[in-house]
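Trainee: Could we go through this one together? I'd like to start with the strands and then move on to the rings and cavities.

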Amino acid sequence: MCGIVGIIGHEFKVAELIEGLKKLEYRGYDSAGIAATNGSQLIVTKSVGRVDSLKNVIEEEKVVKSGIAHTRWATHGAPNDTNAHPHTDCSGKIAVVHNGIIENYQELKTELIKRGHKFKSETDTEVISHLIEENFKGNLFQAVLDTLKILKGAFAIAVIHSDIPNVMVGARKGSPLVVGCNDKYCVLASDVTPIIKYTRDVIFLEDGDVVYIEGNKIKITDFSGNTLIRKHTHITWDESAAEKGGFKHFMLKEIHEIPEAIESALVGRIDSNYTPSLHELDEFNLERVKRILLVACGTSYHAGLVFKYFAEKYLDVDVLIDVASEFRYRPIKITEDTITIAISQSGETADTLESVRAVKKAGGKVIAISNVVGSTITRESDVTLYMNAGPEIGVAASKTYVNQLVLLYLLGLYIIKKRDLWNQEYSEIVKQIVESPKTLKGIISNKEIEDVADNYKNYHHFMYIGRGINTATALEGALKLKEISYINAVGYPAGELKHGPIALLDPKFPVFAFAPKDSLYEKMRSNIEETRARNARIVAVATQGDEEIKKIAHDVIYVPEAHEDLYPLIFAPVIQLFAYYIADKRGYDPDKPRNLAKSVTVE
């Protein structure tokens, strides 16, 4: 979710690039930078922090012929001036900005160093500029094409060369890039917000596209240089809506970004034979671990609960999960075969951070799962698995919850692999995780979810129920609904209904039931019938093709069939969209729920 802006054509002031970056600030970032050329030299200015910090150290009135600018969300290397983009080659003539992750950067960097290249940063991006340098024989476009064939991973890039100020090259694979031109300029950007000032007719580049820009003219090809024809899209959104990609709210936009977020989380973490590869954890001897402690809050706690069910099913290991605000105040028992997993989207959650400190004080090892490079929890833990979901503007977690699930599944599978327990079932689970972006994209586009939500927007109470691993889904579904729609929603294991909660049910207290075709399906059906007997309305989420569920539920939302332990992942966008649509229909802003903050940094 870093931001790219490139401008080329007639001469313009550096201030134009700054203005473009300001329009991408909503995406979230930790540093910013600009590279521009006036035809004689490459001017590179970078700064950690906000775009305003960059403005303080740059000549905004300087006139240039082409330039690229970037807001960085750190993935490789801490947020600082050196690691900020753009990155240059040894000659100082080539500059590159990059969104995404280069999976094979370490091996490429090793080879480049052997060939005499000097690196300045810790980033994966810098290998791109040095590879283009090696491939450059006077034709920047060809040099980029030759470089793209070597790169593995997900990326969007923009490249300029100080000796060729009238040429810019961009390319995308798994990360968005848009281009638009008027009679004076072409603008290349991560989304349309910086482009609208110049033109409302844009081309959304597709995966595998390369754009060659000369002056204000463009040519689009594939990675082999074959010319492609792409249609123009006329943008009718204003700039505020453009920040949200045309969506009404950031939360809805971020739910739609879930497939892309999962792909980013998987880069470099799955081998070709569908086994997990988490090299960050090789030193932990996880094959010997017998006890796992999980500490987290809110949505992160629910993701951890999914891991508990998953790990205890397939591993001879005890998994204890605690709300961090409670964990930190009780005695902590750490043994040699204990590992602690701390989950925090922001990496600054106060209770989770104090829990990490308590574990470290007791002599324990901590694996952090976070979305923010350089955050406090990542610095104080022994190792971090980064979610790579990109910034999340909406307060209620959406794509970060999904990426937490993906990483926790991979962690469990990695331990299985380390213990030499691997079999075909686990390969099938990994395969379904790899294919989940496509599956979830289909679910997210299901208009039926909004239609069902419309039927329940005026209720004041809701009960979510699930069995087994989907107990966690029930808790998360209830949390989503209550935090953005302010409906009194409660979540329970379905088997607990008869031990008290069923007393709440009546025609004004509907039930949201998770009923996939899994090993507990018949038990779940019985629970649904129990609730219906109390005259409660039922919304069931069920496996595609299950016609029987229609006989006992008033409304059914279908999802594709999946391995039974992956249904929390499959159900995630359903519960998020259901809550979103109800909140919106009730007239609330789901991006800014009352009394809540994105990062809870106080006790």
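Mentor: Here is a walk through strands, rings and a cavity. This is a predicted model, where local features need pLDDT of at least 70, side-chain atom pairs count only at pLDDT 80 or more, and totals for chains, interfaces and linings use all residues. Residues are numbered from 1 along each chain as its sequence is written, and side-chain values use heavy atoms, with hydrogens and water left out.

Trainee: Thanks! Is strand 7 mostly covered or mostly open?

Mentor: Mostly covered: nine of the nine residues in strand 7 (residues 153–161) are buried. Buried means under 20% relative accessible area, exposed over 50%, and partly exposed in between, with a 1.4 Å probe and protein chains only. Strands are DSSP runs of E of at least two residues, helices are runs of H or I of at least four, and both are numbered from the N terminus.

Trainee: Which residues point which way from strand 7?

Mentor: Gly153, Phe155, Ile157, Val159 and His161 point one way, while Ala154, Ala156, Ala158 and Ile160 point the other way.

Trainee: And what does strand 7 pair with?

Mentor: Strand 6 (residues 94–102) runs antiparallel to strand 7, with nine bridges joining them; two strands pair if DSSP finds at least two bridges between them. Ala95 has Ile160 of strand 7 as its bridge partner. Strand 7 is also joined to strand 8 (residues 167–173), again antiparallel, by five bridges. There, Ala158 is opposite Gly170 and Ala156 partners Arg172. The link from strand 7 to strand 8 is a hairpin of five residues.

Trainee: What about strand 8, then: enclosed or open?

Mentor: Six of its seven residues are buried, so strand 8 is largely enclosed by the rest of the structure. Strand 8 pairs with strand 12 (residues 210–214) too, antiparallel over five bridges, and Val167 stands opposite Glu214 there.

Trainee: Switching to rings. How many aromatic pairs are there?

Mentor: The structure holds 20 aromatic pairs. Rings of Phe, Tyr and Trp (its six-membered ring) pair if their centres lie within 6.5 Å; planes under 30 degrees apart are stacked, over 60 edge-to-face, and the rest tilted. Trp422 and Tyr426 have ring centres 5.5 Å apart and planes at 50°, so that pair is tilted. Trp422 is partly exposed at 25% relative accessible area, whereas Tyr426 is buried at 7%.

Trainee: Which pair is edge-to-face?

Mentor: Phe512 and Phe578 form one, with 4.9 Å centre to centre and 65° between the planes. Phe512 lies in strand 22 (residues 511–515) and Phe578 in helix 18 (residues 567–585), so the pair ties together parts that are 66 residues apart in sequence. Both Phe512 and Phe578 are buried. They belong to a cluster linked by ring pairs, whose members include Tyr456, Phe514 and Phe571.

Trainee: Which charge sits over the ring of Tyr486?

Mentor: That is the charged end of Arg594, 3.8 Å from the ring centre. The criterion is NZ of Lys or CZ of Arg within 6 Å of the ring centre and within 35 degrees of the ring normal. Lys517 likewise lies over the face of Tyr521, at 5.1 Å from the ring centre.

Trainee: Last topic: what lines the second largest cavity?

Mentor: Its lining includes Cys2, Trp73, His85 and Asp124, and the lining residues divide into three nonpolar, six polar and two charged.

Conventions. 1 Å grid on protein atoms, 1.4 Å probe; cavity = no way out; pocket = protein on both sides within 12 Å on 5 of 7 lines; lining within 4 Å. Nonpolar A, V, L, I, M, F, W, Y, C, P; charged D, E, K, R; others polar.
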